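Work through the exercises below with the structure at hand. Each task is followed by a stepwise solution.

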Amino acid sequence: MSGRGRARGGRGTSGGRGAWGRGWGQQGASTGRGQHSPAGGSPGYGRGGNTSPAAGQQGASTGRGQHSPAGGSPGYGRGGNTSPAAGQQGASTGRGQHSPAGGSPGYGRGGNTSPAAGQQGASTGRGQHSPAGGSPGYGRGGNTSPAAAAPPPDPSPVAWSSAGNLGRDLEQKQTAQASSWSQPAASSWSQLLVSSSSQPPASPSSQPLASSSRLQPASPSSQPLASSSSLPSASSKALRHAPRPGFGTLGSGMKVKANHFLVTVADRELNQYDVTITPEITSKKVSREVMKELVKLYGESDLGIDRLAYDGRKSCYTARQFPFTSKDFVVKLERSGREFKVTIKFASKANLYHLNQFLLGQQLDVPQETLQFLDVVLRDKLSNDVLYEAVGRSFFSRLQNDKGDLGNGVEYWKGFYQSLRPTQMGLSLNINISARGFFKAIKVTDFAAEFLNKNLTEALSDQDRIKLKKALRNVKVETNHRGFLKQNRITGFSTDPIENLMFNYDENGGTISVAEYFRRKYKEPIDYPFLQAVQTGSDARPVYLPMEICTIAEGQRYTKKLNEGQVIALLKANCQRPSERENGVFQRVRRNGYNGDELVSNVFGMTVGTDLTVVEARVLPPPKLIYHDSRGVVTTVDPRVGQWNMIDKKMVDGGKVKSWACINFSREQFDVNRFLRELIWICRSKGMEFNPLPIRPFHSADPRRIEDELTEFDRATGKSLELLFVILPDARGSYGEIKRVCETKLGLISQCCQASQAKKFNRKYMENVALKINVKVGGRNTVLADVVNGGMPFFTGVPTIIFGADVTHPQPGDYSSPSIAAVVASIDWPEVTKYKGLVSTQTRRQEIIQDLYNLKQDPQMVPTDTGMIRELLTAYYNSTKLKPKRIIFYRDGVSEGQFQQVLHYEVDAITKACSSLDVEYKPTITFIIVQKRHNTRFFPVIQKNHQTTDNSGNILPGTVVDSNICHRTEFDFYLCSHAGIQGTSRPAHYHVLHDENGFTADNLQSLTNSLCYTYARCTRSVSIVPPAYYAHLAAFRARYYIEGNVVSDNGSGTEGEQNREVVALPKINDRVKEVMFYC
C-alpha cells in the first residue's frame, strides 16, 4: 500500500469528532479515498479511482481522475469505450475512460468494457470498469462483456465507493419501474406515415411496422412501455433520466387547455444538405437572401425543386434528393452587388422511423436531427417574412402598432414564441405570446439624450460617456453620408469632442478635425461639434463618425439590464389575462397559416392543428398549516385558493430579539418611532419575544456615507446587536451596499424598510415585515401539518434533507463578473422550514455548480474534502443529531440542453460529498430540475367558472398536468402551485433526472405542492418550491457583494477576458450565515 494511500485513509472519521462533527464517524478505509489497490506488490495512486495493476507494475496516474495501464503502458480516457488487446496502449475516446485487456487492469467511467484474451472483466462499485487478467478493480457505471473465461474472485475492498450507485441504479431502477406504468389515452396522438424508405436497416432486433398506411398509436392496454434497459438508445454513454413511474391520481380531475397544437407528418423523403457560403456571412438575413436567390436562379435547372427549407446558417432541407452529391454555385445579390460562392453537399437522410418509435415509447432518445428538420420547415415562411425579426425561437413584429415605448431609448416589440416538441400525444407546436425590448431605430444623439435623460448642450462627462459606451457597445449603426447605406458596429466613443478630434488629412502632414472633415468632404451640417465621436473598427485602427450621422439599425434586441421603470412597462406589455392570451395564441396560429404554406403542407406533408389542446389535469388539495392561536394553543389553517391570513394566529415558533436599533438614511419626514413601535407590537402579537426598547435611539445618517455610517453605528452600539432596522435612502441603488456591509463586514442581521412604505403605517405591510424578521432571527412562521403528524410518504419517518440550488449569471455583455452559485438546505426535520444558504463564485456563464464538492490540497499537500454539500450535510447533522437518509435536490435554472451535463456532474458531486464524510454513508438521492422559463400556459376550459378558476381567471392553485403534453417516457410534470394575481399564471415544470427513492407520481407531486405553502415571506403559496426560490434569492444577494456602483471605462470587460481568474466573494459572517439572511 502506498504511503499516501495510508495517510489519506488514516484521516478517516474514527476517534474524535470525525468528518461529521460531534461523534459521527467511522474508521476510514485503509486505502484512503480514491486510491487504488495494486497487485503484485507495487504501489500506485489514482485520485478518485481504483487501479489494480498486475505483475508488479507501477500503476500510473494521469490527470485528476484514474488511469488504466495495459501491458505496461498507462492510458487514460474519459467517456469512450475501447477494447485494446494483448498489452496494447489503452486508447481513449470521448469523455470517459477505456478498458485495457491482456491481463492489465483499467478504468472506465460510464463506458462499456469488453476485455479480450478470454478473461472475465468484473464490474463493481459505481461506474468504474473491471480489469482483465484476474486482478480486482473498481467499476463505475460500466458494463463488462467478457469472453470465454471464468470470472475472477471478488475484488478486494477499495477505499471508498461513491454513494448513490448512479450507474447501477439508473439501469436497475429504470428496468424495474419503466415497465410498471401504462400510457394515457391516445385518441389525439399524432399519426406518422412511415414508408419502407424510413425503415431502419434490417437486424434481428428490428421491429416491423404495422401494415397500415398510417401508423396508429397503440392503446394503453395493448402497448405497455418497454423497460428502459431494452429500449434502443442513441448513445451508450448517456446516463438515463428517471423513467415515469406512472401517472398521478390524487386530486379532483378536470380539463384545461394548453397552448400546444398537434402536428402530423405524412411520409416524405427527408434530405439534409450542408451549405457553405463564401465569403462567410454572419447575418442570417443575408444568408437567406443568398439561398433565396440561388433557388430562383438554379431551382429548375440544377436542383430540380422550387422550394427548400433553410435554417439561415449551415443546413438546408428538401423533400426530394438533388441530382448531385456536391456542387458549387455562384450567386450575386442585386441589392448590394456582392457575389458569393455557395457549396451544397449531401449530409444525411432524416429518419421518421426513429421519431415515430420515440413517440410510441419504443425508443428512449429523441432523434434531434429529425425534430430540428421539421422545426426549420415550420419556421421557414416566418423567417423570410420582412415583417418579423427572428430572435432565437421567437418572432417579433416590425409593425408600428405592435411597438411601445419603454423609455431611455428602448421600446418593446410584441411577438410570439414557437417550438416543435415531442410529447405523449405526438408532435406538438408550442406557441406563446411575448414582448421584448429593442433599441429604438433613432440617431445616436437622440438615443444619448433619452438614455442619459438630459439635453445635449455640451460634451459628455466621462461618466456619461462610459455609460453610453456600455449601452451601445457592439450595437449596429447605419450611415448614408457616402451615398449608400452601410452598417458598422460601435466599439466605443472618443474622449475628445469631434471639433477637437484631429487626424492627418493629407500626405503633407496636414491635420483636420472630424467635424470639419465631414463638413468639407460630405457637405454634412454638424449640429453637435461639442459631442464625442462614435468609434467603429478596432482600437488599433479606429474609425470615427459624428454621432448625429449614425442611426441605430432596426431590430436589435436590448439585452442590458432594464431599469425599474422599463421593467414595469415591459411587464405591463406582457401582462395578459388568460382569456386575452388564449385568444392571442389562437389568432396567431390562424395568422401564421401553417396549413396554407406550400412548403409545410404540400412539399413536406405536415399539418398543424388549429385548436388549443385539451389536456387532463387534476387539482391537488392544499396542505393544512400549523400555527398557534391567540392563547398559544396549536391550531391548523386551511388555505383557500392559495392564500390564508394570520388573524388571531401566532407563528409556530417565534424568534427572540433582545437588542435592536435603527439607522435612518431617508430624508422623508415621518414618525420613525411610531413605525418602530407598531412594527414591534405586531411582532410580539404574532408570537415573537421582542424587547420593545432599542439599545439606543434611532440615528439619522448621511446616505452619501453608507459604509462609514454603518461602521460607526456598529462600533457605538457594541457587538451585542441582534437586529438592525435600516430605513433606506430615498434614492434607489443603496440596498446592495447596505447588505454587503452588514453581512460581510459587520456581521449584522438587518431588516431594510422603505420610507415610502413605512410612513403609511400599513398593518399588512408590517405583518409581512414581521414574517421576514422572524426567520432571520431563527424562528419558524408555520409548519406543514402532515410532516409533523407523519402523514407525508417518502418524507416523514426517515430523516430527509431538502436542497435547493441555482446559478445566476452576469448580464449579457458583462465579461468581467463571475457567475454565482447558491445552494440552500433544510437543517430541521421533520419541520423542513429552516434553510441554511451558501454561495460561491465560479467561471462566467458556467451553469454546472463547481463547488458542490471539491478535493483540494492544504498547504501541507494533504488532500482535503471541501464543498457546499459537505458543509450543509454537517449543518443538518449538528442541528438534528441525525444523518439524512434521503436527499431531495431541487435544481433551478437548467435548460433542457444541459440536463445530461448536470446529471453527470452534479449528482456525482453529491455522492462524492456523502462518501467523503463516511465511506459507508449512501443516502438515496432524488434530483429534480425546476423550470420556470418555459412557454407552456394553461387556460380554463370554461372562463369565469369559480369552481375551476381563481379570482384572476387563472387555473386553480394545485393544478397538475403529467400527461398529453409531457415527456413520453421520462418523469416530468407541470404544477401551477400559486394563485394568479395579474396576467396568466405560469406553471412550474418539474423534471426528475434521477430518483433512487422510488417516488410515485402522487407522492412527489403532493410533496412539491405542499412545500410551496411554506415560503417564509408571505401567506400565499408560491410558484416554485421554496428551496429553489431561496437559492435564487441567495444568489442574487451575493451579487450585491461583488458588484458595486462604481463605473469604470473597462468595467464591462471584453469577451477575451472571460477566462480571467474568478473573483472570490467576501466571506459572509458566520453569525449571519446560520440564519435565513437572504429573506
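**Exercise 1.** Determine how strand S28 (residues 660-664) is joined to S30.

Solution. Two bridges join S28 to S30, and these strands run parallel. Two strands pair if DSSP finds at least two bridges between them. Helices (H or I, at least four residues) and strands (E, at least two) are DSSP runs, numbered from the N terminus.

The model is predicted: local features need pLDDT of at least 70, side-chain atom pairs count only at pLDDT 80 or more, and totals for chains, interfaces and linings use all residues. Residues are numbered from 1 along each chain as its sequence is written, and side-chain values use heavy atoms, with hydrogens and water left out.

**Exercise 2.** Give the strand order of the open sheet and find its edges.

Solution. The order of the four strands is S30-S28-S31-S32, with parallel pairing. Strands S30 (699-700) and S32 (750-753) each have a single partner strand, so one side of each is left without a neighbour in the sheet.

**Exercise 3.** Describe how H14 (residues 735-746) packs against H21 (residues 1026-1042).

Solution. The angle is about 90 degrees and the axes are 8 Å apart; axes are lines fitted to C-alpha atoms, for helices over the stretch in contact, and angles run from 0 to 180 degrees between N-to-C directions. That makes H14 roughly perpendicular (65 to 115 degrees) to H21. The contact (heavy atoms within 4.5 Å) includes Tyr735 and Arg740 of H14 and Tyr1040 of H21.

Technical notes. Parallel < 35°, antiparallel > 145°, perpendicular 65-115°, else oblique.
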